[in-house]
Every structure is written in structure tokens, then in C-alpha cells.
Amino acid sequence: MISRADNGGFTLIELLLVVTIIGTLMSVSIPLSYSMYERYKASASAEKVLTYVSKVRLDSFLYGEENTIAARQGRLTLNDKAAEMPDELSFQVENPIKFFRTGATTGGAVKIYVGEHAFVLEIEAPFGALSLQAS
């Protein structure tokens with residue numbers, strides 16, 4: 001009589017079941033991970049704007065210059081000249097924000113749009129404290 005040796009391997013059904021479970025987990029986790037990655041990229045772009053405004057505020061005080069931040073046609077402007085910002089960013093500023101040579105500011109808000117994500121950069125008067133929040 002011929003007997004089969006038990007190799008201790010997996011059956012085809014067991015392998016298919018494991019592949020199905022892994023596929024289901026991946027189909028749920030990949031879209032979530034991608035949306036988290038997109039949100040991270042958007043917030044990194046908004047933080048670049050925060051850094052830019054902080055530099056404008058510091059330069060106004062250090063070099064004794066008055067600077068005005070505004071938005072025109074969705075683009076950020078500094079003293080009526082286009083600021084160098086990535087093309088995927090769009091801006092809205094209700095009232096121009098002035099930074100005076102004394103270190104004071106009029107304050108205001110810069111709305112930043114990155115794709116479907118929106119952020120608000122608050123600039124508090126009189127001393128220009130900055131805060132960035134998702135909206």
C-alpha cells in the first residue's frame with residue numbers, strides 16, 4: 001500500500017483565504033493612507049506660507065521696512081509684487097496686512113487653499129503672533 005507523506009504545507013484553500021484577507025485589508029488601508037499623505041503634503045505647503053510670512057514680519061522689523069501682504073487673483077502679493085509661491089497654492093486675504101518697521105502689524109487672516117484642503121493663517125495685531133489652523 002502506498003501512503004502519502006504529510007509535508008506540513010498549506011492547502012490551496014488556506015492560501016486563497018490568506019490572500020483574500022490581505023487583499024481586503026489593503027483595499028481599506030491604501031485609500032486611508034493616501035488621503036493622510038495628501039493632507040500631509042497640503043499642510044507642509046501651508047507651513048511654507050507660515051515661514052514666508054514670518055520672514056516678512058522679521059525683515060520688516062530688522063531692516064526698517066513697511067511690507068504689505070495681500071492677495072490678487074488667488075496669488076499672494078508682497079508690496080504689490082507676486083510672492084514666489086508654488087502654483088498649487090491659492091490665497092484669499094480680506095484686508096491687506098501691513099507689517100510696520102516698529103515690529104507691529106495690522107493683523108488679519110490669510111486663507112490658504114491647497115487642492116481640496118483649506119488652512120487659515122491668523123496674524124494677531126499688534127505684535128504679529130502667527131497661528132496656522134486647518135479649516
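## Nonpolar core and salt bridges

In this predicted model, the largest nonpolar core has 21 residues, and those with the most contacts inside it are V49, L76, F91, V110 and I112. Such a core is a set of buried Ala, Val, Leu, Ile, Met, Phe, Trp, Tyr and Cys residues joined through side-chain atoms within 4.5 Å. Two or more residues come from each of α1 (12-63), β2 (75-78), β4 (89-93), β5 (97-99), β6 (108-114) and β7 (117-124); α1 gives the most, with 5 residues. Helices (H or I, at least four residues) and strands (E, at least two) are DSSP runs, numbered from the N terminus.

Beyond its neighbours within four places in sequence, V110 is in contact with residues including L76, F91, F119 and L121, where contact means heavy atoms within 4.5 Å.

There are 4 salt bridges, each a side-chain nitrogen of Lys or Arg within 4 Å of a carboxyl oxygen of Asp or Glu. Three of them are among those listed here.

| Pair | Closest N and O atoms |
|---|---|
| K41 and E38 | 3.9 Å |
| D80 and R72 | 3.7 Å |
| R75 and D87 | 4.0 Å |

R75 lies in strand β2 and D87 in the loop between β3 (81-82) and β4, so this pair ties together parts 12 residues apart in sequence. R75 is partly exposed, at 26% relative accessible area, whereas D87 is exposed, at 72%. Buried means under 20% relative accessible area, exposed over 50%, and partly exposed in between (1.4 Å probe, protein chains only).

Residues are numbered from 1 along each chain as its sequence is written. Local features need pLDDT of at least 70, side-chain atom pairs count only at pLDDT 80 or more, totals for chains, interfaces and linings use all residues, and side-chain values use heavy atoms, leaving out hydrogens and water.
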